[in-house]
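Dear colleague,

I am passing on a structure that I would like you to look over. The model comes first, and my notes on what was found in it follow.

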Amino acid sequence: MSPIGYIAFVFIIAIIINSLSGICASEIYSLDVPLVVRNGTGPIDLSCNYNLRENENGLVVKWYHNTDQIYQWIPPMSPQDIGVINGYTEYPEENLRHPNSRSIINLKMAIIEMSGEYTCTISTFQEEDTKKTKMIVYVPEVNTTIRVSSFNESHLNVICVANGAQPRPILKIYTEGIEVNNYHDKIERTIAYENILFVKRSAIIENPLEPLLLECEISIPYTDYKRRERIVYYPSANRFD
């Protein structure tokens, strides 16, 4: 075999060995965390699923919420948790029977503070792997109000205020089912008062001659949550003879 052929042969063998090593390596193959959860609902499972090679030992499984460690499991000892999930977890025996393939955190209830990025890390004396995902815990608004006031002789100022929704909602104003195109402010304004978030948006519309259906639509980003508050505005209510 020529020197060039020998080098090519060694290179191919190295690639094959490296590929086989990657196939057999311990790794996390899925991180199953709900994408969207409503505040106060449950139970829910956070599941880290992995493959562990038979010859590996010294397994340690850790979970992080954003940058804070919230969980550690060193089988055969029981899992330990701290931080935002502490007091909300359960570890049924059936969830602890397969330490070499999965780690499951059973949350009795989701709360708004649990929103964020979740990271699962598995490590042994030989290897380590990490996987990340996100979970959004949302809170519907406590109430939504629509207020109408005079802007000038020919126009009205329509104000929509949503109270308590998290994450910050998107507000849209409609007249007779059609979204207005003349918002007074470019984006929603967020106001904090006594630890409650108020989100406000306003639009300028022509003063109608007939009763007018006004709607404020509130939606929460990255969720399916959407609803509308409706009122009928009667022009005569603001007119004096």
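I begin with Tyr 222, which counts as exposed because its relative accessibility is 71%; here buried means under 20% relative accessible area, exposed over 50%, and partly exposed in between, with a 1.4 Å probe and protein chains only. Tyr 222 has a phi near 65 degrees, a positive value in a residue other than glycine, and its place is in the loop between strand S17 (212–219) and strand S18 (226–233). Strands here are DSSP runs of E of at least two residues, numbered from the N terminus.

Please bear in mind that this is a predicted model, in which local features need pLDDT of at least 70 and side-chain atom pairs count only at pLDDT 80 or more, while totals for chains, interfaces and linings use all residues. Residues are numbered from 1 along each chain as its sequence is written, and side-chain values use heavy atoms, with hydrogens and water left out.

A positive phi is also found at Asn 66, about 55 degrees, although Asn 66 is not a glycine. Asn 66 sits in the loop between S4 and S5, and because its relative accessibility is 38%, it counts as partly exposed.

Turning to the strand pairing, two strands are said to pair if DSSP finds at least two bridges between them. Strand S3 (residues 44–51) is mostly covered, with six of its eight residues buried. S3 runs antiparallel to strand S1 (residues 27–32), to which five bridges join it, and Ile 28 has Tyr 50 as its bridge partner in S3. S3 is also joined by six bridges to strand S8 (residues 102–107), again antiparallel, with Ser 47 standing opposite Ile 104 in S8.

S2 pairs with strand S10 (residues 128–138) in the parallel sense over three bridges, and Arg 38 stands opposite Tyr 138 in S10.

Two cis peptide bonds deserve a look. The bond from Pro 75 to Pro 76 is cis, with omega near 10 degrees, and Pro 76 is placed in the loop between strand S5 (68–73) and S6. The bond from Gln 166 to Pro 167 is cis as well, with omega near -10 degrees, and Pro 167 lies in the loop between strand S12 (155–163) and strand S13 (170–175).

With best wishes

Methods. Helices (H or I, at least four residues) and strands (E, at least two) are DSSP runs, numbered from the N terminus.
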